Amino acid sequence: MPVVAAVGSIITDLMVYTPRVPTLGENLLAHRFQIGPGGKGANAAVACARLGASVILVGCVGDDHFGRQELTALRAEGVIVDAVSVHPQASTGVAFILVDDSGENTILVVDGANSCLSALQVETALAPHWSRLDAVLVDFEVPPEAVAAAVRGAAKHGIPSIVDAGPPRPFPAEVWRDATILSPNELEAAALVGHPVESETQAEAAARALLAKGPQAVVIKRGGAGALLAAEKGIRHLPAVPVAAVDTTGAGDAFTGALAVAVAEGLDLEGAVRFANAAGGLATTRWGTMRALPSRAEVEALLTGQSKIDRLVRRVEER
């Protein structure tokens, strides 16, 4: 069983399902509301656990009801939370998420205790585990010094690091240049390179620019268009696995968690991205964030089914 350390945010999701995002000053009747555990760090940790990894989560919650609920939910998923600190003054982070009828989401975040995670806390939390870690996963929903500490530590100890460059933050290259894999989505890539990333050509240009700043590989998540992988050998476009999407919230966390597990297990980059594409796609077929994260069996079944379809298509094309 691979061992993954996830360094990142822990945020309670307050989700509203709505026909559309309301305009300024509008009072719009929504469909329904739900509260659940979330945050990019917590979601990725659960994604890794459901995919078969032993996961150590490093983060920070408040000494409040939401924080206690988060820790209870994480323990129930088998995530090790001994390295999650409880801040006595700051509140647990919260995210207000609007999901429209097309499945797209709009998110407003209050960082809360996540903004209190320090480089020293990260270094202290990871110190006892370096000898047994197979990968480190970190996101941008915690302070840049915490991200940098995780990435530098992994590089120093020869451990692969996967940096989920989300949410969009213009963190300088000094924070993430030593990463094994930098993985933004298109909006996040745009925040890092300073220009729009909306087309395949723009995604390729962004990937090259980011790769030149230091990481060994760049994987840009492109939603329904799949993922773009840029490494020393060149650029590959890896298509998404077709699914019936209803809610895209948390798909990026599922993708990055799966990417980390695949890397921890020693898969090559292309194989790891294909595995991540399947996990991210499956997460969009269900409502919610953490509750929508797929199991290992579900991801493997989807990949097996897609492989059979691909073989059939090739046979037809060869006739």
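A residue is called buried here at under 20% relative accessible area, exposed at over 50%, and partly exposed in between, using a 1.4 Å probe and protein chains only. This is a predicted model, in which local features need pLDDT of at least 70 and side-chain atom pairs count only at pLDDT 80 or more, while totals for chains, interfaces and linings use all residues. Residues are numbered from 1 along each chain as its sequence is written, and side-chain values use heavy atoms, with hydrogens and water left out.

**Cysteines**

A disulfide is a pair of cysteine sulfur atoms within 2.5 Å. By this rule there are 0 disulfides. The table lists two of the cysteines.

| Cysteine | Relative accessible area | Closest cysteine sulfur |
|---|---|---|
| Cys60 | 1%, buried | Cys116, 5.5 Å |
| Cys116 | 29%, partly exposed | Cys60, 5.5 Å |

The sulfur of Cys60 is too far from that of Cys116 for a bond.

**Sheet**

Helices (H or I, at least four residues) and strands (E, at least two) are DSSP runs, numbered from the N terminus. Two strands pair if DSSP finds at least two bridges between them. An open sheet of 9 strands has the order β5-β4-β1-β8-β9-β10-β11-β12-β13, with mixed pairing. At the edges stand β5 (84-87) and β13 (234-238); each has a single partner strand, so one side of each is left without a neighbour in the sheet. From one strand to the next, the twist averages 15°. Angles run from 0 to 180 degrees between N-to-C directions, and axes are lines fitted to C-alpha atoms, for helices over the stretch in contact.

Strands β10 (residues 181-183) and β11 (residues 217-221) run parallel and are joined by 2 bridges. Leu182 has Val218 as its bridge partner in β11. Helix α8 (residues 251-264) packs on the sheet, and its direction makes about 170° with that of β9. Among the strands that α8 touches are β1 and β8, where contact means heavy atoms within 4.5 Å.

**Cores**

A nonpolar core is a set of buried Ala, Val, Leu, Ile, Met, Phe, Trp, Tyr and Cys residues joined through side-chain atoms within 4.5 Å. The largest has 52 residues, and Cys48 and Leu259 are among those touching the most other members. Helix α8 gives the most to this core, with 9 residues. A second, separate core of 45 residues includes Phe140 and Val175.

**Helix α4**

The buried residues of α4 include Val147, Val151 and Gly153. Among the elements covering the buried residues of α4 are β1, β8 and α5 (173-176). Gly158 follows α4 and has a positive phi, near 70°.
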